[in-house]
Amino acid sequence: MLTGKSTKSTGVAVKAGSGNRERRHLSLEKGHVAYIMIAPFIIVFCIFSLYTVIYTLYIGFTNLNVLKPTQVKFVGLDNFERFFKNFLPKNLSWEAIKESFDYQKFSVQKKSIVNTWKIWLVNYIPQLGIAMLLSVWFSSSFLKIKLIGFWRSLLYMPNLLMPATVGVIFFKLFQDKMAPANQFLVGILGVWDEGFEFLMNETFSQMLISFIQWWMWYGNTIVILVAGMSSISVSLYESAMIDGAGGVKMFRYITLPSLRPILVYTLVTSLVGGMQMFDIPYLISAEGNPRNSITTIYCLMQRQFQLANAAGSAAAIGVILLLMTTVCSMLIFFLLRDKDAGMERKASRAARKERALRLKGGRA
Amino acid sequence: MKKLVALVLSLVLVLGVLAACDNGTDETTAATTKAPEGTTAAPVTEPPITNLQGELTVWSFTNELKTMTIAFKAANPDVVVTYVEIPADGGEFRQKAIAAANTAECPDVIGLEAAFVKEFVDADGMLYDISDLKVYADALQTYANTIEVGTNYESGEIRAYSYQTTPGAVFYRRSLALEYFGTDDPTEVQALMADMDKFTEMAATIKEKSGGKTFMVASVDEFRNSYFSNRTDPWFVDDTLVIDPKVDELFEIAKVFRENGYEAAVNQWSEGWFNGMRDALSDAGGNAIQIFCYFLPTWGLPYVLSGNAGDATKGDWGCVAGPQPYQWGGTWVGVMKNAKNPEVAKEFVKFVALDETNLTNWATGVYTHDYLAAIDPELAGPAGEGELKQAAGDFVSSKKVVDAITASFDDSEMSLFLGGQNSYAGFAAAAPNVSARLFQGSDESVQNMLLDAVRQYASGAQTKDEAIATFKDAVAAAFPDKSV
């Protein structure tokens with residue numbers, strides 16, 4: 001790595017020596033082309049993304065109703081206040097604190113945040129675990145699994161289905177007492193005497209959505225992890241084996257550290273997707289039934305916008321969602337940052353400074 | 001040179017992206033059909049030709065209004081009509097119409113579904129005042145409830161009319177009625193289920209005599225509309241949620257039906273619900289079970305019941321008004337405030353909802369594929385799946401027309417399905433009792449939220465107070481502008 005860098009810099013130095021004017025001209029033109037090349041994205045991004053984000057922030061502070069646009073007025077933090085109402089215990093008594101942790105007594109807004117995190121975490125933790133295990137197997141040059149391509153595409157398959165289709169299929173499977181799931185459990189296996197109403201049960205509904213998300217996305221995570229693992233040099237494993245390391249140790253000390261950037265990537269993309277979870281819960285129940293247990297933050301935002309035309313309040317939820325996702329992503333970047341690399345950088349900077357000082361000293 | 005190429009390439013890219021954002025107006029205008037150059041095939045009932053001129057854009061969500069636009073063209077050959085269909089699923093149509101209302105894209109005439117008609121009628125600056133068409137409605141004895149729906153809450157202006165009215169009914173299995181009550185005659189069955197107490201008694205009898213194999217209804221979802229239609233106040237009065245005493249009754253009746261096993265716990269629109277219509281329903285254990293009756297409105301007979309029942313139970317159905325009069329669904333038409341051509345648009349609304357000839361043709365199946373294809377050459381071609389036509393049997397909004405055509409349904413396909421009973425006559429008896437003044441844009445969602453609470457209470461998961469509190473929370477969260 002270091003050697004590569006130094007050759008590059010010498011290359012530039014040589015060029016610089018050959019003629020300053022020419023170099024400037026070259027880099028200017030290159031720069032122009034680059035700007036023109038990225039211009040379409042920047043323009044489209046500014047019009048369709050940046051502007052809308054800023055506008056959303058603005059209407060988050062108003063009471064804009066789509067059907068009464070003339071009555072719009074600035075309402076300050078009202079929308080945010082309404083969202084966070086009853087989040088904290090009313091007072092500091094033991095009873096009030098206990099009540100503030102009782103899911104059944106949560107406001108729908110509070111439920112939506114808890115639901116989103118719960119459904120996402122229950123889906124993501126096993127997703128990462130199983131994807132990791134399968135990708136270790138798939139990329140292992142010692143296990144030599146046959147037909148790897150076949151298995152990989154088979155596991156990826158659920159991700160190719162439309163979420164709308166998947167949502168409807170699972171809804172139909174568990175819909176009511178006569179649903180296929182009940183016919184199987186009661187009629188064929190004889191688990192119960194009577195059908196069970198799955199979708200009237202809060203925990204089941206949440207776990208069902210977690211399962212669907214897991215099932216749809218673990219194949220995708222496998223593909224990303226396998227790509228990351230195959231870029232780790234085999235020689236590292238070979239030398240570890242010569243030193244007598246077992247599978248677990250190799251995973252712990254070679255695979256995991258080398259995968260860190262890939263892990264950060266999957267974690268952040270999954271977090272962003274998970275916080276915006278909408279289609280599957282919406283298709284299971286547009287009203288978040290039973291008892292708002294599958295209302296996610298995005299569902300609530302959509303409901304306020306589409307049912308009540310309350311664009312102002314919905315925009316405020318969008319802003320809260322954006323802030324939450326941003327803060328959590330930054331936290332992930334911070335916690336999973338490459339500490340060794342940071343230290344190395346610090347050390348090399350210190351070394352450079354020292355050398356410079358020494359040089360200065362020498363000249364003086 | 002390089003710069004130029006790069007510039008051109010990036011411009012093409014930007015244009016490509018922008019073009020992709022355009023919502024394909026080209027396609028819709030391409031669907032515009034030219035005014036016919038003279039109708040060759042003589043229609044059964046020829047409407048008088050007018051010399052009305054201009055352009056007209058109509059937006060709707062089913063092909064019903066498309067049929068209407070073609071029929072309209074026969075009578076007004078000089079009007080150029082553009083018809084745009086946008087599906088109503090998931091609120092798409094409604095959203096698009098709201099978004100277009102204040103733009104140059106604004107249509108002239110818009111189809112309004114029961115779920116959002118009130119929202120548009122009560123919104124400020126959305127629909128044109130067409131109260132002056134009321135004289136035609138009076139002449140046709142248009143059912144008052146359809147006009148109530150189209151009337152603005154504050155100003156009393158009429159802003160939308162409907163060509164249909166959708167009273168609800170109860171469809172029961174004749175063979176089961178004969179088996180458990182010794183009669184399958186609609187009058188006697190209606191007497192047996194004249195009110196909800198009698199209806200419950202009937203349910204008990206059926207359960208007892210069938211040994212639990214036959215259920216009175218599929219689920220408590222069935223009679224929700226009959227309770228909601230009979231409230232005194234709409235869900236929101238002055239932006240505050242009103243929980244009517246009828247809601248309380250619904251909670252109680254649901255509990256009774258659930259605890260006593262009078263309902264099969266098969267949700268509306270589920271596979272089991274449709275299977276019950278063709279007598280192919282089995283419980284989770286695989287034992288055959290039956291459902292005695294279904295609550296469906298006028299459109300439920302041709303579109304839901306007869307289609308799903310097929311030959312299995314054809315002729316085995318009877319139709320009665322049921323324990324409480326109710327109403328379910330319907331389509332209204334209104335003129336948009338920003339219509340480019342309000343006068344022509346008004347003529348179109350008049351033609352669709354308040355024209356005797358048109359309503360008669362509409363209900364009696366005159367608008368066949370061949371009839372429409374003769375007016376609009378673009379439809380020409382072999383009739384087949386997805387062809388445009390309006391089958392006989394839609395229940396129209398004019399009492400005058402209904403009275404005139406009821407007898408013609410004695411031998412219709414739908415009457416055969418009902419074992420010879422003239423369904424049109426049954427609906428005609430129920431239509432005047434229907435109240436639709438409670439309509440609000442938010443009804444469907446509020447009612448789905450309530451239904452969850454009702455189920456939680458009926459199944460014993462929550463007490464009634466808890467269930468109502470959950471319901472109020474859900475409404476408050478979804479409707480931030482309202483108080484509960």
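R231(B) lies over the face of W235(B), 4.4 Å from the ring centre. K255(B) does something along those lines too: its charged end sits over the ring of Y457(B), at 4.5 Å from the centre. For a charge to sit over a ring, NZ of Lys or CZ of Arg has to be within 6 Å of the ring centre and within 35 degrees of the ring normal.

A word on the source: this is a predicted model, where local features need pLDDT of at least 70 and side-chain atom pairs count only at pLDDT 80 or more, while totals for chains, interfaces and linings use all residues. Residues are numbered from 1 along each chain as its sequence is written, chains are lettered from A and ligands numbered from 1 in the order in which they are written, and side-chain values use heavy atoms, with hydrogens and water left out.

Now for the rings. Over all chains, the structure holds 60 aromatic pairs. Rings of Phe, Tyr and Trp (its six-membered ring) pair if their centres lie within 6.5 Å; planes under 30 degrees apart are stacked, over 60 edge-to-face, and the rest tilted. Here are two of the pairs:

| Pair | Geometry | Centre to centre | Between planes |
|---|---|---|---|
| W299(B) and W328(B) | edge-to-face | 5.3 Å | 70° |
| F409(B) and Y424(B) | stacked | 4.2 Å | 10° |

The F409(B)–Y424(B) pair links distant parts of the chain, 15 residues apart: F409(B) is in the loop between α18 (399–405) and α19 (413–417), and Y424(B) is in helix α20 (residues 423–430) of chain B. Helices (H or I, at least four residues) and strands (E, at least two) are DSSP runs, numbered from the N terminus. F409(B) and Y424(B) are buried, and W299(B) and W328(B) are both buried as well. Buried means under 20% relative accessible area, exposed over 50%, and partly exposed in between (1.4 Å probe, protein chains only).

W299(B) and W328(B) also belong to one aromatic cluster, along with W269(B), W273(B), F274(B), Y294(B), W317(B) and F417(B).

V366(B) sits in the loop between α16 (356–364) and α17 (369–375) of chain B. Why is V366(B) counted as buried? Because its relative accessible area is 12%. Its C-alpha atom is 8.0 Å from that of A391(B), 25 residues apart along the chain.

Over on chain A, I54(A) is in helix α2 (residues 20–59). I54(A) counts as exposed because its relative accessibility is 51%.
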